Amino acid sequence: MFIQLHNVNKEFTSGKNVVFSLRNISFNVNKGQIITILGPSGSGKSTLLNLIGGIDRVDSGDILIGDMNISKLSDKDLTLYRRNKIGFVFQFYNLIPNLNVYENVEVAANISKNPLSLEKVLDSVGMLDKKDKFPQELSGGEQQRVSIARALAKNPEILLCDEPTGALDFKTAKEILMLLEKINKEYNTTIFIVTHNTAIIGMADRIIRLRSGEIVEDKINSAKISAEGVEW
Ligand SMILES: Nc1ncnc2c1ncn2[C@@H]1O[C@H](COP(=O)(O)OP(=O)(O)OP(=O)(O)O)[C@@H](O)[C@H]1O
């Protein structure tokens, strides 16, 4: 098993009050799966993604990635884990405005131990011909392609996508989903997609649903379809 969460708990407090808690989260994921995480706003989806990505730490419980228990890593080793194993894709791209496409991707590659060729990555996401453009010269879908290239350039084993299509129209969103599927096939990257869009579960191997910080559904998608067939 590639990713294992055992009884993961995480609380946020304000003064003495607990404002949110993720409770007893346990699940295992095989390498190369696409997992969708669904749930209402405030149910803990991003919190869960941040724990897996080493942006935040559990209060108790364990997260194992391969044979590494990231809950027990020093801050320095957790940074290295994040840098070398994890790619993040966000709803609003977060590109650096005064760097061009190539440079935005290069920044990520430069901090990684085992980067992929920038040309290959930009070609994979269909942005090689626009490598000299700046973010403000690109459409939302193109900016998201660049942000996926940036995540991918690090050659991550895990891609964590938080509402990657949330800001895009249907056609562009579908292109991004097809791109994520292509990456999953080409690089065997394990991909988590946090989304409010239930249509996306169609292309996932696995569906995990949260409510108020707890898992209320965890199932294998036995009727998986290609991203091209996803409709809403
Ligand atoms: N650093 C923090 N400090 C305090 N509270 C936090 C912190 N991060 C998240 N929370 C709270 O934890 C709860 C869960 O947040 P989270 O972002 O994980 O939910 P979500 O399911 O991703 O929501 P959305 O769909 O709206 O993005 C929310 O009530 C949020 O306000």
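**Close-ups of a predicted model**

**View 1. Helix α5 packs against helix α6.** Residues 140–153 form α5 and residues 170–187 form α6; the two pack at an angle of about 20 degrees, with their axes 10 Å apart. That makes α5 roughly parallel to α6, a label for angles under 35 degrees. Axes here are lines fitted to C-alpha atoms, for helices over the stretch in contact, and angles run from 0 to 180 degrees between N-to-C directions. Helices are DSSP runs (H or I, at least four residues), strands are too (E, at least two), and both are numbered from the N terminus.

A word on the source: this is a predicted model, where local features need pLDDT of at least 70, side-chain atom pairs count only at pLDDT 80 or more, and totals for chains, interfaces and linings use all residues. Residues are numbered from 1 along each chain as its sequence is written.

**View 2. Here is where α5 and α6 meet.** On the α5 side you'll find G140, G141, Q144, R145, I148 and L152, and they meet T172, E175, I176, L179 and I183 in α6. Contact means that the C-beta atoms of two residues, placed from the backbone, lie within 7 Å.

**View 3. A149 sits in the largest nonpolar core.** That core has 60 residues, and V105, A149, L160, C161 and F192 have the most contacts inside it. Such a core is a set of buried Ala, Val, Leu, Ile, Met, Phe, Trp, Tyr and Cys residues joined through C-beta atoms within 7 Å. Buried means 20 or more other C-beta atoms within 10 Å of a residue's own, exposed means 12 or fewer, and partly exposed is in between, with C-beta atoms placed from the backbone. Leaving aside neighbours within four places in sequence, A149 is in contact with V105, V121, L122, V125 and M127.

**View 4. K171 belongs to helix α6.** This lysine is exposed, with 8 other C-beta atoms within 10 Å. Look for E231 too: it is 60 residues from K171 along the chain, yet their C-alpha atoms are separated by 9.8 Å.

**View 5. N188 has a positive phi.** The value is near 55 degrees, in a residue other than glycine. You'll spot N188 in the loop between α6 and β8 (190–194). N188 is exposed, with 11 other C-beta atoms within 10 Å.

**View 6. S212 has a positive phi as well.** Its phi is about 45 degrees, although S212 is not a glycine. S212 lies in the loop between β9 (206–211) and β10 (214–220), and counts as partly exposed, with 14 C-beta neighbours inside 10 Å.

Methods
Parallel < 35°, antiparallel > 145°, perpendicular 65-115°, else oblique.
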